[in-house]
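Please review the briefing below, which treats helix packing, a further helix and a strand pair in turn.

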Amino acid sequence: MSEATRSATDRRGFLGAMSAVALTGRPSTPARGAVAAGAPRYLLEAGLVYLNTGSVGPASQAILDRTVRAWREIESNPVGMIYGNGAMHQATDVVRQHMATFLGCTADELLLTRSTTDAMNSLAFALQWAPGDRVLTTDQEHHGGSVCWSYLARRQGIVVDRVAIATTDHDPAVIVERLAAAVTAKTKVISVSHVITTTGLRMPIAEIAALARSRGALCVVDGAQAVGHVPVDVRALGCHAYAACGHKWLLGPKGTGLLFISRDAEDRIQPVQREEGRRFVVNSTGIGSLPLVLGLGAAVEQAQAVGAAGIERRIMELRARVYAGIQAISALTMASPASASLGTGLVAVRVPDTQPADALRDRLRDRHRVIVKMVEKQWFNGIRLSAHIFNTEADVDAALAALRAELA
């Protein structure tokens, strides 16, 4: 059976399985015993409470199987599978179409990349720069989405302007006003995150995109913490470019990502991947990791089966439990927005200065087998919890009990 045929068969299996999960809203994992009928099986270690999808999410067994099977099929006839109109090219075209549907764009507006950072780097070097051109961003950007601008500032003389967003700044209108006040005649790009990595704040992307368009600038969005987490419709957002990855909230293979470039920005954003066509797999950048792309397709199908709204609903249910539990621990101070409309599944808390966040993270891991992220020290002394649909209420309660024990 060819990979293209298997892809169609597997997709039907995924849809049936994930529909069952969507009805219960509570997929289980091997870490808590037997897997519910129809639920994806994850390979998390027994007893591990994994609340760090915002860093790296676990792929299901079915996604790994799809990836490995594609690799084996490639090796059965490498040239025949990869070049020309080979089965792998056809299958990756299907993946791009599924991803485009999921994001609200067309397949030929998407590039397949290795990560969000890879996508941002490709974008940055796809623009023509002159010394003194400016990029407007915030002081809350993940370094993976901002290193491209720092590099260009050092090598090509562009200027990077950073607007401050404090952890207490949860008013979208004020954020937009602050960005608007910082735009200059030389601002070429406004680059912001869809969901801020430090606090989980949802940024007002549609309003920021409108601001950029009104000033003749490009709106570039780092969507690493959004795709697979909250509904994303790039057309409705109005941005010119959107970068994301497969290894976080999409629960896909590590080493996968994407870059959306809107048709109305094609004359200004011209990546080398498009130099010899729009399939982006072999022509301009060599042979990509095709098996990982097929695994990414499986992850997208898994997400489509539940639906972006269903995924968000379940994540926000768990978020509410995390939020309420954290508020009951007097030693901790919430850094994430209280409002569900502004908050996300990323919940960040400040830890007392007497408790270094890296040491607390390590104790939670070593003593309680609870995995969380330490907020980067440049922002504040804190930790971040991020639950996904494979988590349960018992996971949240175990993490809260561990925090209470360590902070008593």
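In this predicted model, the axes of helix α5 (residues 116-125) and helix α6 (residues 143-156) come within 8 Å and cross at roughly 35°. Axes are lines fitted to C-alpha atoms, for helices over the stretch in contact, with angles from 0 to 180 degrees between N-to-C directions. Local features need pLDDT of at least 70 and side-chain atom pairs pLDDT 80 or more, whereas totals for chains, interfaces and linings use all residues. Residues are numbered from 1 along each chain as its sequence is written, and side-chain values use heavy atoms, without hydrogens and water.

**Packing of α5 and α6**
- The crossing of α5 with α6 is right-handed (the near helix is turned clockwise from the far one by less than a right angle).
- Contacts (heavy atoms within 4.5 Å) join Thr-117, Met-120, Asn-121, Ala-124 and Phe-125 of α5 to residues of α6, including Gly-144, Val-147, Trp-149 and Leu-152.
- The residues of this contact comprise eight nonpolar, five polar and no charged; Ala, Val, Leu, Ile, Met, Phe, Trp, Tyr, Cys and Pro count as nonpolar, Asp, Glu, Lys and Arg as charged, and the others, Gly among them, as polar.

**Helix α10**
- Of the 17 residues of α10, 16 are buried, so the helix is largely enclosed by the rest of the structure (buried means under 20% relative accessible area, with a 1.4 Å probe and protein chains only).
- Gly-307, which follows α10, has a positive phi near 95°.

**Strands β2 and β8**
- Strand β2 (residues 110-113) and strand β8 (residues 257-261) run antiparallel and are joined by four bridges (pairing requires at least two DSSP bridges).
- Thr-113 has Gly-257 in β8 as its bridge partner.
- Leu-110 and Leu-112 point one way from β2, Leu-111 and Thr-113 the other way, and all are buried.

Note on methods: Helices (H or I, at least four residues) and strands (E, at least two) are DSSP runs, numbered from the N terminus. Buried means under 20% relative accessible area, exposed over 50%, partly exposed in between (1.4 Å probe, protein chains only).
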